[in-house]
Amino acid sequence: PTHRTRSGRRRAERESPRPSPRQRSLSKTSSPSRRAAEDALNLTAPKSPRSANIQQSLMSISEAVQQLKSGAYRNSSATPSTPVPTVTTLPASPASHARPQEHRAPPPPENPHRAVLVQFYKKQDPSKLKDVDTILERFQGHDNTLFHSLAKKYNIKCSPYRERLISFYSKYNPSKLCEVDIILHLVEGNEEKFLKKLEAKYIRNE
C-alpha cells in the first residue's frame with residue numbers, strides 16, 4: 001500500500017503543471033509581500049504595443065524638456081554679459097574754464113563841469129548834491145546858462161581876478177570860461193595861489 005501511495009503521488013505531480021521559479025518564490029512569501037511581488041510582476045509584464053508607444057513618447061517628451069532646461073541654463077551661464085561701454089572724459093583745457101570775455105561798452109565820459117559843480121554845491125547847498133547829474137543832463141549844451149544862473153541865484157560877486165582868469169582860460173582852456181565866476185568863488189582868498197598852480201600846470205605842458 002505504501003508503494004501505491006507513492007506512485008500515485010508521483011503520477012499526480014507529473015500530471016499537474018509545475019510552478020515556475022517566480023511562482024515558487026511568491027508562494028513562500030507572506031500575503032502582503034506576495035501582493036507587492038504580484039504588483040511588480042504586473043509592472044514588468046509585457047504590455048500592448050499601444051501602451052508601449054505612449055510610454056515611449058512620454059519618456060521622449062520628458063527627456064526633451066530636461067534637455068531644453070539644461071540647455072537654457074548652459075546658455076544663460078555661458079553667455080557673457082554685455083559689457084557696459086565706459087566713457088572716458090578728457091581733461092578740460094584751461095581755455096574751456098575761462099569765461100568768455102564780455103564786451104562791455106565803455107562808460108560815457110564824465111561831464112567836464114561835474115567836479116566844479118560838486119565843489120560848488122558842497123559849499124553853497126549840500127542838499128543839491130544828489131541832483132548834480134540831473135542838473136548837468138538838463139543843461140547839456142548850455143553850460144554858460146547853467147553857471148550864470150547859479151552865480152545869479154546864489155549872489156556870486158565878480159572877483160577882481162575875473163579878467164585875468166578869463167584871459168588865461170581863453171588861451172589855454174576855453175571850455176572853462178563858463179566856470180570863471182564859480183571857480184573864483186571857490187578859491188576866494190587864495191586867488192594868487194590858485195593862479196600860480198594854473199600857470200605851472202598849463203605853461204609847463206607847452
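**Close-up views of side-chain pairing in a predicted model**

**Figure 1. Salt bridge between R114 and D133.** R114 and D133 are joined by a salt bridge whose closest N and O atoms lie 2.7 Å apart. The pair connects distant parts of the chain, with R114 in helix α6 (residues 114-124) and D133 in helix α7 (residues 132-138), 19 residues apart. R114 has a relative accessibility of 26% and therefore counts as partly exposed. D133 is likewise classed as partly exposed, because its relative accessible area is 44%. The structure shown here and in the following views is a predicted model.

**Figure 2. Salt bridge between R114 and E110.** The side chain of R114 also meets that of E110 in a salt bridge, with an N to O distance of 3.9 Å. E110 counts as exposed because its relative accessibility is 56%, a value over the 50% cut-off for that class.

**Figure 3. Salt bridge between R162 and D181.** In this view, R162 forms a salt bridge with D181, and the closest N and O atoms are 2.6 Å apart.

**Figure 4. Network of E110, R114 and D133.** Salt bridges with shared partners join E110, R114 and D133 into one network. A search of the whole structure finds six salt bridges.

Figure 5. Y154 is located in the loop between α8 (143-153) and α9 (162-172). The residue counts as buried because its relative accessibility is 18%, which falls under the 20% cut-off. When residues up to four places away in sequence are not counted, Y154 touches F120, Y121, Q124, D125 and K128.

**Figure 6. Polar contact between Y154 and D125.** The side chains of Y154 and D125 are joined by a polar contact of 3.3 Å. These two residues are 29 residues apart along the chain, and their C-alpha atoms are separated by 9.5 Å. D125 is also one of the residues that Y154 touches.

How values were computed:
Residues numbered from 1 in each chain as written. Predicted model: local features only at pLDDT ≥ 70, side-chain atom pairs only at ≥ 80, totals over all residues. Heavy atoms only, no water. Helix = DSSP H or I, 4+ residues; strand = E, 2+ residues; numbered from the N terminus. Buried < 20%, exposed > 50% of the residue type's maximum accessible area, 1.4 Å probe, protein only. Contact = heavy atoms within 4.5 Å. Polar contact = N/O pair within 3.5 Å; in protein donor to acceptor, adjacent residues only side chain to side chain. Salt bridge = Lys/Arg side-chain N within 4 Å of Asp/Glu carboxyl O.
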